[in-house]
Amino acid sequence: MRKRLYFGHPVNTYDTNLEKQLIEKIREFFPDYDIENPNQPQHQVGYQEHKKSTGRGMDYFTEEVLPSCQGGVFLPFRDGKLGAGVFKEARFYADRGEPI
């Protein structure tokens with residue numbers, strides 16, 4: 001079974017050329033991993049369903065998606081800071097001692 005890397009990035013980069021270019025670079029640098037991109041329809045549905053049932057949509061990722069990956073690659077904002085959601089995702093792997 002192939003390992004998976006999560007690609008945490010701000011939603012303002014979703015569906016942009018930058019997102020496409022970064023995914024290709026991640027694949028180039030980590031050819032033995034599948035890339036899990038949160039910008040997929042099934043994750044948008046999962047987020048909304050989790051938010052509706054728990055009131056905390058972001059927990060969908062930390063409870064359902066992130067545990068299936070073995071580390072992550074994270075994109076900060078231009079000022080070098082991580083958004084709250086991306087930080088939470090990176091912290092998930094840091095707390096588990098997995099690569100970021």
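How many salt bridges does a search of the whole structure find? The search finds eight, and this tour through the predicted model visits several of them in turn.

Begin by selecting Asp 34 and Arg 2, whose side chains meet in a salt bridge with an N to O distance of 3.0 Å. Asp 34 belongs to strand β2 (residues 33-36), while Arg 2 sits in the segment before β1 (3-8), so this pair ties together parts that lie 32 residues apart in sequence. If you show the surface here, you will find that Asp 34 is partly exposed, with a relative accessible area of 34%, and that Arg 2 also counts as partly exposed, at 41% relative accessibility.

Next, select helix α4, which spans residues 84-96, and pick out Arg 91 and Asp 95, which are four residues apart and therefore separated by about one helical turn. Their side chains meet in a salt bridge at 3.5 Å, N to O. Arg 91 is partly exposed at 45% relative accessibility, whereas Asp 95 is exposed, with a relative accessible area of 58%.

Now move on to Arg 96 and Glu 98, where the two side chains form a further salt bridge, this one at 3.6 Å from N to O. With a relative accessibility of 42%, Arg 96 counts as partly exposed.

Key. Residues numbered from 1 in each chain as written. Predicted model: local features only at pLDDT ≥ 70, side-chain atom pairs only at ≥ 80, totals over all residues. Heavy atoms only, no water. Salt bridge = Lys/Arg side-chain N within 4 Å of Asp/Glu carboxyl O. Helix = DSSP H or I, 4+ residues; strand = E, 2+ residues; numbered from the N terminus. Buried < 20%, exposed > 50% of the residue type's maximum accessible area, 1.4 Å probe, protein only.
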